[in-house]
Amino acid sequence: MIRTYQYYAIFNFAEDGINVTFPDLPGCITCGESIDEALVMAKEALELFLDGEPVEDIPPPQSIMSELLNSKDKAYLIEASIKYD
């Protein structure tokens with residue numbers, strides 16, 4: 001069985017690159033030097049974070065709240081498909 005998950009990631013644009021965090025998934029973080037690289041890394045981080053977690057332990061995704069974003073942030077919806085046996 002394959003389940004698809006969608007979570008918002010916050011991309012923080014800093015001088016040294018883009019830091020990526022998932023508000024719904026504390027500890028799921030990554031980075032990239034460009035938007036394209038950060039998007040790839042965010043998908044990979046989400047897949048690795050969710051892979052192996054029991055379905056019942058995965059929190060439901062929430063809507064992005066504008067108060068989580070500052071002027072150097074942008075939210076992207078990241079999708080990951082996880083295969084369960």
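Val 20 has Thr 30 as its bridge partner in strand E3, in a predicted model. That pair belongs to the contact between strands E2 and E3, which pair in the antiparallel sense over 4 bridges. Val 20 is also listed among the residues with the most contacts inside the largest nonpolar core. The protein as a whole has 1 helix and 4 strands, and its elements follow the order β-β-β-α-β from the N terminus.

**Overall form**

- The radius of gyration is 13 Å, close to the 12 Å that the globule rule gives for 85 residues, so the protein is as compact as a globular protein of that length.
- The C-alpha trace spans about 40 × 25 × 15 Å along its principal axes.
- Of the 85 residues, 31% are buried.

- The 4 strands make an open sheet in the order E3-E2-E1-E4, with antiparallel pairing.
- Strands E3 (29-32) and E4 are the edge strands; each has a single partner strand, so one side of each has no neighbour in the sheet.
- On average, neighbouring strands of this sheet are turned by 30° against each other, direction ignored.
- Strands of a sheet pair through backbone hydrogen bonds, either parallel or antiparallel.

**Strand pairs**

- E1 and E4 pair in the antiparallel sense over 11 bridges.
- Within E4, Ile 78 is the bridge partner of Tyr 7.
- E1 and E2 pair in the antiparallel sense over 5 bridges, and the two strands form a hairpin with 2 residues between them.
- Ile 10 has Thr 21 as its bridge partner in E2.
- Thr 21 in turn stands opposite Ile 29 in E3.

**The helix**

- Helix H1 lies across E1, E2, E3 and E4, and runs at about 45° to E4.

**The nonpolar core**

- In soluble globular proteins, nonpolar side chains tend to be buried together.
- The largest nonpolar core here has 20 residues, and those with the most contacts inside it are Tyr 7, Phe 11, Val 20, Phe 22, Leu 46 and Leu 50.
- Strand E1 (2-14), strand E2 (17-21), helix H1 (35-50) and strand E4 (73-83) are the elements that give two or more residues to this core.
- H1 supplies the largest share of the core, 5 residues.
- Leu 46, one of the residues with the most contacts in the core, touches both Tyr 7 and Ile 78, the two residues that are bridge partners.

**The faces of strand E3**

- In a regular strand the side chains alternate between the two faces of the sheet.
- The covered face of E3 holds Thr 30 and Gly 32, while Ile 29 and Cys 31 are on the uncovered face.
- Thr 30, on the covered face, is the residue paired with Val 20.
- Ile 29, on the uncovered face, is the residue that Thr 21 stands opposite.

**Cysteines**

- A search of the whole structure finds 0 disulfides.
- The sulfur of Cys 28 has its closest cysteine sulfur in Cys 31, 12 Å away, which is too far for a bond.
- Cys 31 is likewise in no disulfide, with the sulfur of Cys 28 as its nearest cysteine sulfur.
- Cys 28 counts as buried because its relative accessibility is 3%, under the 20% cut-off.
- Cys 31 counts as partly exposed, at 43% relative accessibility.

**The chain ends**

- Asp 85 lies in the segment after E4.
- Asp 85 is exposed, with a relative accessible area of 97%.
- Met 1 and Asp 85 are 84 residues apart along the chain, and their C-alpha atoms are separated by 6.3 Å.

Terms used
Residues numbered from 1 in each chain as written. Predicted model: local features only at pLDDT ≥ 70, side-chain atom pairs only at ≥ 80, totals over all residues. Heavy atoms only, no water. Core = buried A, V, L, I, M, F, W, Y, C linked by side-chain atoms within 4.5 Å. Buried < 20%, exposed > 50% of the residue type's maximum accessible area, 1.4 Å probe, protein only. Contact = heavy atoms within 4.5 Å. Pairing = 2+ DSSP bridges. Axes fitted to C-alpha atoms, helices over the stretch in contact; angles between N-to-C directions. Disulfide = S-S within 2.5 Å. Rg over C-alpha atoms; globule rule 2.2 N^0.38 Å. Lists of a residue's contacts leave out its neighbours within four places in sequence.
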